[in-house]
Amino acid sequence: MFCNLTYNLLQFRGKYDSSITVASKYYGSVSGYNDELLWAAAWLYQASNNQFYLDYLGRNGDSMGGTGWSMTEFGWDVKYAGVQTLVAKFLMQGKAGRHTAVFQKFQQKADFFMCSLLGKGSRNIQKTPGGLIFRQRWNNMQFVTSASFLTTVYSDYLTSSRSYLRCSAGNVAPSQLLSFAKSQVDYILGDNPRATSYMVGYGNNFPQRVHHRGSSIVSYKVDRSFVTCRGGYATWFSRKGSDPNLLTGAIVGGPDAYDNFADRRDNYEQTEPATYNNAPLLGVLARLSSGHSGYSQLLPVVPAPVVVRRPMPIRKPRVTSPVRASGPVAIVQKMTGSWVSKGRTYYRYSTTVTNKSPRALKSLNLSIKNLYGPIWGLSRSVNSFGLPSWMHSLQSGKSLEFVYIHSTTPANVAVSSYTLA
């Protein structure tokens, strides 16, 4: 596998739009492919913990621009800032080894990007008078959400390593990165000079004429008349009225460099939505919903290193705690993974909570004792855990699953209270 991969990386390099020429008019690769190769290697190492990919980053970081480019943008084309952020994480985790000097240069560039966003660097990114970072007129919001995502994870990396951001204007606390991300999200959702939400369907003042064919055509549930391709454009897309099919949740291109915005369907630079606008925002919102308490992003939640010469034994998940029942609620815990880092063994536990009652559970409070690591999949109050915020009830016969990681035997999970519908 590794020989084939190396051969492919050496022999079949090239920009995708050189072979798919029609894409160059819309999604041309300006940065080339070196950032993508480094980006792929970083994520393959994150997923597999295979030394091959870490060595690739160490050997090629300088020659492929990973340690050379000082970035003020991050997006689907130019990925250097993302590579620099992820490799900085490996360095903070103590995984750099003989590549430490190279990885330190990756981190310096990651710091440069973060400082430029905060306005504390030697070369800062442009912002609108209302405070939104601005890269270009056509769909600027893609750079806003992507950069905001990087600041949230880098804030947690720094917090977890008990470090700070090093800027030319001085040292900066990691919490300022999280505050910056919040300021950008607040702007997107309406806290801006126009009091406009750039998420369709959110707030009282949001784009009504999105540059989107499906949104501009009446729903089939409302009017079952056949709409031709030309008719969809001439009759529906070209009309001046509001969208009959609301594209709820879509993030549009956003305002210009002076916070101006024209809500017109033909104004594709500002009213066109895109998946790469929304995708990073989901991560930012998920992080911000947990407040300013830092997540331990450096916890080694990756499999043990791959042994090339002999296959590793497959560890089957085993039940580490018997089925426990409290009234209509059954709890089962499984150990689903383990690995060793710096002499300590970590365990990943999956816990399933099942409603055995013929009625729905309206509320559920769990007591979790002897928990010494992060937990995902539950909402947390002062002294207990409850259903996740998006789950209003647990229906009869249904289950929810949550996961936690720590370096000892399973936590003690029990039902404190519950309410049936």
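Here are a few questions and answers on how some labels in this predicted model come about. Local features need pLDDT of at least 70 and side-chain atom pairs 80 or more, while totals for chains, interfaces and linings use all residues. Numbering runs from 1 along each chain as its sequence is written, and side-chain values use heavy atoms, with hydrogens and water left out.

Q: Why is tyrosine 16 called partly exposed?
A: Buried means under 20% relative accessible area and exposed means over 50%, with partly exposed in between (1.4 Å probe, protein chains only). Tyrosine 16 comes in at 36%, so partly exposed is the label.

Q: Which helix holds tyrosine 16?
A: That's α2, residues 16–19. Helices here are DSSP runs of H or I, at least four residues, numbered from the N terminus.

Q: What does tyrosine 16 touch, not counting residues up to four places away in sequence?
A: Ala23, Tyr27, Gly28 and Ser29; contact means heavy atoms within 4.5 Å. As for glycine 32, 16 residues apart from tyrosine 16 along the chain, the C-alpha atoms are separated by 9.0 Å.

Methods: Helix = DSSP H or I, 4+ residues; strand = E, 2+ residues; numbered from the N terminus.
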